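Please look over the sequence and the structure below.

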Amino acid sequence: MAVFGHKEFHDHERVVYGYHKESGLRAIISIHNSNLGPALGGCRMIPYVNDDDALTDVLRLSRGMTYKAAMAKVPYGGGKAVILGDPTKDKTEALLCAMGRFIHSFGGEYISGEDMNISVADCKVMARETLHIGGIAETPTGGDPSPMTAYGVEMAIRAALFHRYHTNSLTGKKIHVEGNGKVGPPLAEGLVAAGAEVFVTDINIERERKAVADLGVISVSNDFLTSYDELDVYAPCALGKAVNDENVGKITAKIVCGAANNILENPENGETLKERGIVYVPDYVANCGGLIDIYYQNTGYDVEKAHAHTKSVAYDMTLKILSAARNLNCTTLF
Ligand code: NAD
C-alpha cells in the first residue's frame with residue numbers, strides 16, 4: 001500500500017505498522033509533525049473496511065493533531081494511533097498490552113491516550129507496558145479528557161452562535177448531537193442545562209436510549225439532519241466525514257461545530273458549506289479541550305486553568321477564525 005503517494009500524505013514524519021501475532025494486534029501509528037514537541041494523539045479501535053481505510057484515517061487524524069496542538073499553544077506535535085479490529089470482539093488485555101509495547105517502541109516520541117472505543121480503563125492496561133500514555137491521571141473525571149472536550153465544543157458553539165446571531169445564548173437553540181459516546185452526553189447535558197433543545201442519534205441504540213432517559217434530549221431518525229428546517233447547530237460527535245459529498249448540499253443547520261475529528265470528507269465540502277451560508281468551525285479548534293486537559297494532566301492538573309485555557313482557544317480563537325474568514329471571504333479551512 002503506497003504511503004508517500006497516498007492522497008492524505010502531507011509530509012508525515014513517520015508511519016509505522018505494528019503487528020503481534022499472538023494477540024492479533026494490527027495497528028498503525030503516525031507522527032505527522034514533531035516541531036513543537038513529542039507527537040500526542042489518542043488511539044482508536046475501529047473495524048475498518050480495509051487497511052487503506054485505516055491508513056487514510058491515521059494520516060488525517062495525526063495531521064489534525066498537529067494543527068490542534070499549534071492552535072492550543074501546547075508543546076506537542078501531532079500523532080495518532082489506530083487499531084484495526086472490532087472493539088466488541090477483539091479488544092483483549094493481551095491486545096492492549098501489545099499496543100502498549102508498540103507505543104513504547106517510539107521511546108516517548110509518540111504519546112497516546114483515549115479515542116473512539118478506547119477508554120480510560122483500556123489506557124490503563126496499555127500503560128502497564130509504557131509510560132507514554134496520557135489521560136489516566138487522578139483528575140475529577142478519573143483522567144477522561146472527554147468532559148473537557150465537550151466543554152470546548154460548547155464554547156465553540158457559543159462563539160459560532162455569536163458570530164451568526166450576535167448572541168451566544170443557547171436558550172431555545174435547536175442542536176443535533178450525533179454520537180452518544182464519551183463526548184456527546186456531557187456536551188448534550190451542558191447544552192440542555194443552558195436552555196437548548198437537543199436532538200440525538202447514535203448507531204448504538206442503547207446509548208441513544210440512555211441519553212434520552214438521562215439527559216432530557218430527543219431521539220431522532222437519521223434523515224433529521226437534512227429534513228428539519230429549524231436546526232441551528234449540527235454537532236457531530238461520532239466518526240469523521242460527517243459532512244460529505246452526499247449530504248453537504250442538504251444539511252439544514254446554520255452552524256456545523258462538533259467534537260468529531262475530520263468532520264469534512266474533503267476541502268470542497270467546506271466551500272459548499274460557505275456557499276450555502278453555513279458556518280463551519282474547524283474541528284481541531286472546537287475539540288481542543290481534550291488535548292488541553294491532557295497537557296494539564298502531564299504538567300500538574302488544575303481544572304480551572306484547563307477550563308480557562310480551553311475557553312481561550314475554543315471560544316476566542318473560533319471568533320477570530322470566523323471573522324477572519326468573513327473579512328477575507330474565504331472558508332474557515334485556510
Ligand atoms: P466514542 O467511541 O466514545 O463515541 C462515539 C459514539 O458515536 C458511539 O456511541 C458510537 O456508537 C457512535 N457512532 C458511531 N458511528 C455513528 C454514526 N454513523 N451515527 C451516529 N452515531 C455513531 O468516541 P468519543 O470519545 O465520544 O469521540 C467522539 C468523536 O470526537 C471522535 O471523532 C473523536 O475522535 C473525537 N474527539 C474525542 C475527544 C475525547 O476527548 N474523547 C477529543 C477530541 C476529539
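## Two packed helices

Helices α5 and α12 cross in a right-handed way. Right-handed here means that the near helix is turned clockwise from the far one by less than a right angle. Helix α5 covers residues 146-165, and helix α12 covers residues 303-328. Both are DSSP runs (H or I, at least four residues), numbered from the N terminus. Their axes lie 9 Å apart, at an angle of about 30°. Axes are lines fitted to C-alpha atoms over the stretch in contact, and angles run from 0 to 180 degrees between N-to-C directions.

Residues of α5 that meet α12 include Met-148, Tyr-151 and Phe-162. On the α12 side, Val-303, Leu-319 and Arg-326 are among them. Contact means heavy atoms within 4.5 Å. By class, this contact has 13 nonpolar, six polar and three charged residues. Asp, Glu, Lys and Arg count as charged; Ala, Val, Leu, Ile, Met, Phe, Trp, Tyr, Cys and Pro as nonpolar; the others, Gly among them, as polar.

## The ligand site

The ligand is surrounded by 25 residues (a heavy atom within 4 Å). Thr-149 and Asp-202 are among the closest. The shell has nine nonpolar, nine polar and seven charged residues.

Polar contacts are pairs of N or O atoms within 3.5 Å. A side-chain N or O atom of Ser-146 is 3.1 Å from a ligand nitrogen. A polar side-chain atom of Asp-115 lies 2.9 Å from a ligand oxygen. The protein buries 89% of the 830 Å² that the ligand exposes alone, by the Shrake-Rupley method with a 1.4 Å probe.

## About the model

This is a predicted model: local features need pLDDT of at least 70, side-chain atom pairs count only at pLDDT 80 or more, and totals for chains, interfaces and linings use all residues. Residues are numbered from 1 along each chain as its sequence is written, and side-chain values use heavy atoms, with hydrogens and water left out.

Technical notes. A polar contact is a pair of N or O atoms within 3.5 Å; within protein, one must be able to donate a hydrogen and the other to accept it, and residues adjacent in sequence count only if both atoms are side-chain atoms.
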